[in-house]
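Please have a look at the structure first.

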Amino acid sequence: MTNKEYILHNREADIRSLALRKVPEGVDSLWCLRQIEGYQLAKKKLPTWAQADGIIYPPRLSMEQCSSEITAQYKRTLATRLMQGLSFDTFIDLTGGFGVDFSYMAKGFNHAIYVEQQEVLCDAVRHNMPILGLQNVTTVNTDSETIIDNIDHADIIYIDPARRDNTGKKTVAIEDCTPDISRLQHKILAKTRYAIVKLSPMLDITQALRTLKNVCEVHIVSVKGECKELICVLSASHDSALTTYHCVNLSTPDAPFVCTNRGGITASILSPDISIKGMLLFEPNASIQKAGVQDTFATQYGLHKLHPMSNLFVSDDASILCPTADSSLKGLPPARIFRIIDVGDFSKNSLKALLQDCDKGNITIRNFPSTVADLRKRLRLKEGGDIYFFATTIQNGKHLLIKCKNFTNRNNATT
């Protein structure tokens, strides 16, 4: 039996059980197990790659660290927009890895240069790119700094610094990643129209903007409500004071939220004397919250916040969900949206009324002195169902429990 035959026969098998079995003569067990494990990971993360015959997969760590197909497609759209009206001459990926981002972003360029220090990844990319339809690829087995010193110019340079130190521990700060973009950025910007830098989603955006210069765009990319990527676009000709923020939530109908102001805008706070029962409740998506532009979001959609720190907003005007043709707002607001069916405090009688006929519910806490687990125990609620409870604080410091139902069918349960 050949390696290929063994992989095809066993690629759906449990990898741990398979590792304990005796392999037929002529089969490279370790190689085949890596390919089977890589295929199984790719089915979820890189479905197009998994469907391609003959893809070679790298060690597990490289598979875990590579971008997902959906976020790579987003970066492809970003690169295409940046190059609109320009000739697609040269694209360089200084930190190629398994080549997922490279395979999408390089499409359409006359020349695409893949740079990677690990030879095993270079070998995989040399093999895989033609299978994926990319023929214009130059693979260079070297480090980022060496290639920067030896290139003349590129239309776009992409960098995804390794976010692990010498001991394998995860890092977040730009200065702690490899390569250190804070040290190389001026050299990179001298060689390109645009530098696209992927950073840790845990990095504080304000800190990133202090470290990086000439940032024209910041992209906060979430997938199914979880912030996955922080991307900065740098251009030597750009004034950093005019940075545009793109808050994107992929795999949902959320319209991208784009703004140029992270500060200076304060949404109005709803008076605690006004009843919110029957109103719509909005919880901005993860990208908007990560960007810190909740007040800008609320102001654009005409929403009122319940408290400066709660990140929950309300409106009694359902027409904002159906913008007119001449409106500057596109699609549904980028938020989870609920109809408030009841509101109460945490007194015994109030809780009894709120929880009547409720044995389960989804709980979210915002600016509230408890954990979800503790509150669930106190309320004696099982997880799940179509009722959503928000425990929060309003302007006068009073704690409220807000009982809701989905207003749209795109909300995911949050616990």
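## A glycine in a helix

In which helix does Gly-38 lie? Gly-38 belongs to helix α3, residues 29-45; helices (H or I, at least four residues) and strands (E, at least two) are DSSP runs, numbered from the N terminus. The model is a predicted one, where local features need pLDDT of at least 70 and side-chain atom pairs count only at pLDDT 80 or more, while totals for chains, interfaces and linings use all residues. Residues are numbered from 1 along each chain as its sequence is written, and side-chain values use heavy atoms, with hydrogens and water left out.

Gly-38 counts as buried at 1% relative accessibility; here buried means under 20% relative accessible area, exposed over 50%, and partly exposed in between (1.4 Å probe, protein chains only). Leaving out residues up to four places away in sequence, Gly-38 touches Tyr-57 and Met-63, where contact means heavy atoms within 4.5 Å. Its C-alpha atom is separated by 50 Å from that of Asp-316, 278 residues apart along the chain.

## The nine-stranded sheet

Nine strands form an open sheet with mixed pairing, in the order β3-β2-β1-β4-β5-β7-β6-β8-β9; two strands pair if DSSP finds at least two bridges between them. At the edges stand β3 (137-140) and β9 (257-259), each with a single partner strand, so one side of each has no neighbour in the sheet. On average, neighbouring strands of this sheet are turned by 15° against each other, direction ignored. Axes are lines fitted to C-alpha atoms, for helices over the stretch in contact, and angles run from 0 to 180 degrees between N-to-C directions.

Within this sheet, β4 and β5 (residues 192-199) pair in the parallel sense over five bridges, and Ile-159 stands opposite Val-197 in β5. Helix α10 lies across β4, β5 and β7, running at about 160° to β5. Helix α6 (residues 69-82) lies across β4, β5, β6, β7 and β8, at about 155° to β6.

## The seven-stranded sheet

A second open sheet to look at has seven strands in the order β11-β12-β10-β13-β16-β15-β14, again with mixed pairing. Its edges are β11 (304-305) and β14 (362-366), each with a single partner strand, so one side of each is left without a neighbour in the sheet. Two bridges join β11 to β12 (residues 313-315), and these strands run antiparallel; Lys-305 has Phe-313 as its bridge partner in β12.

Helix α13 (residues 294-301) packs on the sheet, touching β10, β11, β12 and β13, and its direction makes about 5° with that of β12. Helix α15 (residues 372-379) also packs on the sheet, where it touches β14, β15 and β16, at about 125° to the direction of β14.

## Backbone details in loops

A cis peptide bond joins Thr-178 and Pro-179, with omega about 0°. Pro-179 sits in the loop between β4 (154-159) and α10 (181-189).

Asn-214 has a positive phi of about 55° although it is not a glycine. This residue lies in the loop between α11 (205-211) and β6 (215-223), and Asn-214 is buried, with a relative accessible area of 19%. Asn-311, in the loop between β11 and β12, has a positive phi near 60°.
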